[in-house]
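Here are my notes on this one, point by point. Have the viewer open as you read.

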Amino acid sequence: MTAYTKARPTMMRVFLVQTAQGLTPSSGGYKANVSLLRSLSTQGHATAQICYAVDDEIDQYARRAELKGINPNITYQPLPVVDPAGKVHELYVKTFTDEYKRDELSGRMATLVSLFSEHIASFGPTHVIFNDPITMKITEFHEMRGKFKRINIIHTAEQLPFGPFVAGVDGHCLSPAVEDKMLRKLDGIWSVSKAVQDYAWNHGRLMTTFLVHPPMTYLDQSSGNMPRVRNNIDKEEIGMVNPCPHKGLSILIALAQKFPQMKFVTWKSWGSRTVHIQQLQALPNVKIEPTTRNTDEIWDRIKVLLAPSLWHEAWGIVVTEAQLRGIPVIASNAGGLPEAKIGLPYCIPVKEVTGARRPNGDYVVPDQDIGPWEDALRKVMTDREEYQTLQTLTATKSGEWLRGLNPRAHEKWLLSMMEEK
C-alpha cells in the first residue's frame, strides 16, 4: 500500500470514537474500525482515536512505537468523576502515539462525554467517525460542528433505529425515534456489507454507502503482509468463536452431540453469557477458551471453523480471516455471510431469527435442519482428499479476493465529502 507524498493537496484529520473495551478488541467490527484508521495513517493522513484501554496494552503499543523510532510521548491526566451518590472517583486518561503515528486516548467512556468534546476540539478533525449514538449526539451539537464531517459505521442491523432487529443487542439504538432523525443528518454512513445496506434501505429508506473493510483489516498485524496460510489437515479440533444463540449455539451443540468422537473448541466473546457456556460445559467433547486478542491462537489450532450464525450477520470477519489462512469454513447463509464466503464451500441455508426475543433478551431461535451441517462436517473432517482440495481452493481464492480490493476506497470516499458544499 503506497503512501502519498508530502506534496498531496489534501490531508484529512480523522478522529475515531471507539466504544469497545481495549485497543485490540475481539469484536470484528471494532477491528475494522481500527484498521480503517491505520490505513488512513499509512496513506498520509493525521488520525486519532478515543477508546477504552488497559495499562498493559498501552505499554505494548508504546514499545512497538519505540522499535520503529517513534516517541510514544505518553501523557497522564487524572479525571475526577462524581457518581449519583456524590462520591468522587478518580479516573485516568492517558494519551500516546502508536507505531502508525496515530494519537490515542484511553479512558472510561460512560463518564467522558465532556472529554469527547474537548479532545475533538483539540485535534481539529476534518472527519469524526463513530458507531454509537452518544457520539452522534455529541457531534451534532459540538461547537466545531461546521468544520468536520460526521460518519457512522453500521456493523449490525441492531444499530439501526428501524426494522425487526432494532435494539436487539444491549447498548445498540437507545432511542430509535431520536436516532433515526440524527442518522439522516450525517455526512456519511458506511455499511460494511451489501446485506446491511439493503436492510437499511428496505426497512428505513436510509441511504448508505457499501464498502468492503479496508484490506489492512485482514493483513498480518505485525508484518503488514498477507496472512500465513496454514496446513491444518492433521489438526483435530473444530472451532467456533462467540458461542451464543444468535451465532448458532444450537447448531454447535447438535453437531457435538451427533459426533461425540470429534473434538470441538469455542472461544468466548461479547455474546457468550454464563447460561450459554453452561450448556457447552455439559458436553465432554467441547472445550471452552476465554476471549483472545491473538487470533493466531485460533488459526494454529483448528482444522475447520464453524460460523452457523442465525441472525442478520453484517459480514463475518472471522470467516474471511480463516479462509485467508486456508482454513475451511462451514457457514450459514444469514445476512452478509455469503459475501464473506466469496463463493467458497460451504454456505448452508438456515432459518434466521425474526427479531422476537425471550425474557432474558436472547433472540428466539427457530429450529434448524441439522442434516446439511452433519454432511458437510463429516466430509471435511474425514475425507483427506476433500480437505486438501478445499484448503488449497480456499487459500487461493481468498488471497486473490484480498489483492483485488482497492486500498484507497475509503480514503476516496472520505475525501469526496470535503468537496461537497
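1. Tyr346 sits in the loop between helix H11 (337-341) and strand S15 (347-348); helices (H or I, at least four residues) and strands (E, at least two) are DSSP runs, numbered from the N terminus. The peptide bond leading from Pro345 into Tyr346 is cis, with omega near -5°.

2. Some housekeeping before going further. This is a predicted model, where local features need pLDDT of at least 70 and side-chain atom pairs count only at pLDDT 80 or more, while totals for chains, interfaces and linings use all residues. Residues are numbered from 1 along each chain as its sequence is written, and side-chain values use heavy atoms, with hydrogens and water left out.

3. Two phi values to look at. Arg205, in the loop between helix H6 (194-204) and S9, has phi near 50°, which is positive in a residue other than glycine. Asn242 is not a glycine either, yet its phi is positive at about 65°. Asn242 lies in the loop between S10 and H7 and is buried, at 4% relative accessible area. For the cut-offs: buried is under 20% relative accessible area, exposed is over 50%, and partly exposed is in between (1.4 Å probe, protein chains only).

4. The overall numbers: the protein chain has 14 helices and 15 strands, and 56% of its 421 residues count as buried. Taking contacts (heavy atoms within 4.5 Å) with a separation of 6 or more, 65% come from residues 24 or more positions apart.

5. Which residues touch the most other members of the largest nonpolar core? They are Leu255, Phe264, Ile330 and Leu377, in a core of 80 residues. H7 gives the most to this core, with 6 residues. By nonpolar core I mean a set of buried Ala, Val, Leu, Ile, Met, Phe, Trp, Tyr and Cys residues joined through side-chain atoms within 4.5 Å.

6. Not counting residues up to four places away in sequence, Leu377 touches Ile238, Leu255, Phe259, Met262, Phe264 and Ile330. Ile238, from strand S10, is buried at a relative accessible area of 1%. Leaving aside neighbours within four places in sequence, Ile238 is in contact with Met262, Lys263, Phe264, Val265, Val304, Leu306, Leu377 and Met381. Ile238 and Leu252 are 14 residues apart in sequence, with their C-alpha atoms 9.9 Å apart in space.

7. Now the helix pair. Helix H7 (residues 249-258) and helix H8 (residues 274-281) pack at about 10°, with axes 11 Å apart; H7 is therefore roughly parallel to H8. Axes here are lines fitted to C-alpha atoms, for helices over the stretch in contact, and angles run from 0 to 180 degrees between N-to-C directions. Under 35 degrees counts as roughly parallel, over 145 as roughly antiparallel, 65 to 115 as roughly perpendicular and the rest as oblique.

8. What meets what in that pair? Leu249, Leu252 and Ile253 in H7 meet His276, Gln279 and Leu280 in H8. The residues of this contact divide into 4 nonpolar, 2 polar and no charged.

9. On to charges. The structure holds 16 salt bridges, each being a side-chain nitrogen of Lys or Arg within 4 Å of a carboxyl oxygen of Asp or Glu. Asp300 pairs with Arg230, the closest N and O atoms being 2.8 Å apart. That pair links distant parts of the chain, 70 residues apart: Asp300 is in the loop between helix H9 (296-299) and strand S13 (302-307), Arg230 in the loop between strand S9 (209-210) and strand S10 (237-241). Asp300 is partly exposed at 36%, whereas Arg230 counts as buried at 5%.

10. Arg378 pairs with Asp375, with the closest N and O atoms 3.4 Å apart. These residues are 3 apart in helix H12 (residues 371-382), so about one helical turn separates them, and Arg378 is partly exposed at 32%. Arg408 bridges to Glu411 at 2.7 Å between the closest N and O atoms, and Glu411 is buried at 1% relative accessibility.

Key:
Nonpolar A, V, L, I, M, F, W, Y, C, P; charged D, E, K, R; others polar.
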